[in-house]
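User: Hi! Could you walk me through this one? I'd like to start with the overall fold.
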Amino acid sequence: MPRLVAAAVAAGQDSFAVLGESLGSAVAVRIATRHPHRVRALVLTAGFAAADPVLALAARLITSLAAAGQWEDVARFAVLSCMSPAELADLEPAALDEPVARTLAALAPGMPDHFDLVSRVDVRDDLAKVSAPTLVVAPTGDRLVLPESSHRLAAGIPGARLLELPGAAHVLNPADRATWLRHVRAFLAAGVTPARASRS
């Protein structure tokens, strides 16, 4: 985290907004509480302060499959977890091969370490210390990081605004990403202060 802040400062950004998705939301919260004079705003999407039982079980399964070299099964599980029920329902069984193959090709070697951290991270005590205006975005079709985790993030951060993306999955499709981007740009352009931020 110090290196992320240092990189931004080295690029001429003395203060900045931090956008975190999934595990990145916990990283963003830590940056905001450790460098409050740097962080102007937070946007936390499909995030969590600590893994709930669903996410903890998913992390354990992924790390076990990866340790066994069953990367194709990791990809299958990722597709099942990161697409919304509606998106999966629209696919014919034979059509699942394409997203599985695409996901398999994109899997990073560090994925087991990533999910090990997912299972251990806990920033719940940091939430009340966040002073930056915060937008929390909850994709309601997320089956990996349940929407309730975003709700808890918003409830724990003073003045946080909660936005739900109806039916959106953990990995936003192009249409949901465009909606997300529109809301994020509006939030950042508003120049909100903690006093203005509100739940909606």
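Analyst: Happy to. Helices here are DSSP runs of H or I with at least four residues, and strands are runs of E with at least two, numbered from the N terminus. Bear in mind that this is a predicted model. Along the sequence, the protein reads α-β-α-β-α-α-α-α-α-β-α-β-α.

User: How many helices and strands does the protein come to?
Analyst: Nine helices and four strands. The radius of gyration is 17 Å, close to the 16 Å from the globule rule for 200 residues, so the protein is as compact as a globular protein of that length.

User: And what box do the C-alpha atoms fill?
Analyst: Roughly 50 × 35 × 30 Å, taken along the principal axes.

User: Which residues touch the most other members of the largest nonpolar core?
Analyst: That would be V39, L42 and L44, in a core of 47 residues. Leaving aside residues up to four places away in sequence, L42 touches V18, A28, A32, V130, P133, T134, L135 and F187. There's also a second, separate core of 11 residues, with A41, V43, V137 and L163 among them.

User: What share of the residues is buried?
Analyst: Buried residues are 43% of the 200.

User: Switching to the surface, how much of it belongs to carbon and sulfur atoms?
Analyst: They hold 58% of an accessible surface of about 10200 Å².

User: Last one: how far apart are the mean positions of the positive and negative charges?
Analyst: They are 11 Å apart, with 19 positive and 19 negative charges in the protein.

Conventions. Residues are numbered from 1 along each chain as its sequence is written. This is a predicted model: local features need pLDDT of at least 70, side-chain atom pairs count only at pLDDT 80 or more; totals for chains, interfaces and linings use all residues. Side-chain values use heavy atoms; hydrogens and water are left out. The radius of gyration is taken over C-alpha atoms; the globule rule is 2.2 Å times the number of residues to the power 0.38. Buried means under 20% relative accessible area, exposed over 50%, partly exposed in between (1.4 Å probe, protein chains only). Accessible areas come from the Shrake-Rupley method with a 1.4 Å probe; for residues, only the protein chains shown count as cover. Lys and Arg count as positive and Asp and Glu as negative; His and the chain ends are not counted. The place of a charge is taken as NZ of Lys, CZ of Arg, CG of Asp or CD of Glu. A nonpolar core is a set of buried Ala, Val, Leu, Ile, Met, Phe, Trp, Tyr and Cys residues joined through side-chain atoms within 4.5 Å. Contact means heavy atoms within 4.5 Å.
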